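Dear colleague,

Please find the structure below, together with a short account of what was found in it. I would be grateful if you could read the two side by side.

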Amino acid sequence: QVQLVESGGGLVQAGDSLRLSCAASGRTFSSYAMGWFRQAPGKEREFVARISTSGSRTYYADSVKGRFTISRDNAKNTVYLQMNALNSEDTAVYYCAAQGRSSTSYDYWGQGTQVTVSS
């Protein structure tokens, strides 16, 4: 079992930056690929970014590429999402998720953190 707790959300203005954190506890964090997802009001949850177990490979949705950076610190059991040049379309609840090596989907999810960007 892995517990994930997101933090760092808040209310910011367009153009500002924000860094989200996701702290993991439980089984070995470094054995999980990690992802960030978001869900805006009235919309389905969408993929934002993903990072491999070692951190050597990252993937991004086109909508955030060049503005967001995912990273992880396996010594601290934490994954981060640095978000720059935020705009109103980034307003959503952001979730982190963990995927085990043998899984085809994400196994564990956090409770989410709200990010609101005012224009």
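In this predicted model, Ser52 is in contact with Ala33, Arg57 and Arg72, when its neighbours within four places in sequence are left aside. Ser52 is located in the loop that lies between strand E5 (46-51) and strand E6 (58-60). Its relative accessible area is 7%; Ser52 therefore counts as buried, for which the value must be under 20%. A polar atom of the Ser52 side chain lies 3.3 Å from the backbone nitrogen of Ser56.

The next point concerns a sheet. Four strands form an open sheet in the order E1-E3-E8-E7, and their pairing is antiparallel. Strand E1 (2-7) and strand E7 (68-73) are at the edges with a single partner strand each, so one side of each has no neighbour in the sheet. On average, neighbouring strands of this sheet are turned by 15° against each other, direction ignored. E1 and strand E3 (residues 18-26) run antiparallel and are joined by six bridges. Ser7 stands opposite Ser21 in E3.

Finally, there is the nonpolar core. The largest one has 30 residues, and those with the most contacts inside it are Leu4, Met34, Trp36, Leu81, Met83 and Tyr94. Among the elements that give two or more residues to this core are E1, E3, strand E4 (33-39) and strand E8 (78-83). Leu4 touches several residues beyond four places away in sequence, including Cys22, Met34, Cys96 and Trp109.

A colleague

Definitions and conventions: Residues are numbered from 1 along each chain as its sequence is written. This is a predicted model: local features need pLDDT of at least 70, side-chain atom pairs count only at pLDDT 80 or more; totals for chains, interfaces and linings use all residues. Side-chain values use heavy atoms; hydrogens and water are left out. Two strands pair if DSSP finds at least two bridges between them. Axes are lines fitted to C-alpha atoms, for helices over the stretch in contact, and angles run from 0 to 180 degrees between N-to-C directions. Buried means under 20% relative accessible area, exposed over 50%, partly exposed in between (1.4 Å probe, protein chains only). A polar contact is a pair of N or O atoms within 3.5 Å; within protein, one must be able to donate a hydrogen and the other to accept it, and residues adjacent in sequence count only if both atoms are side-chain atoms. Contact means heavy atoms within 4.5 Å. A nonpolar core is a set of buried Ala, Val, Leu, Ile, Met, Phe, Trp, Tyr and Cys residues joined through side-chain atoms within 4.5 Å.
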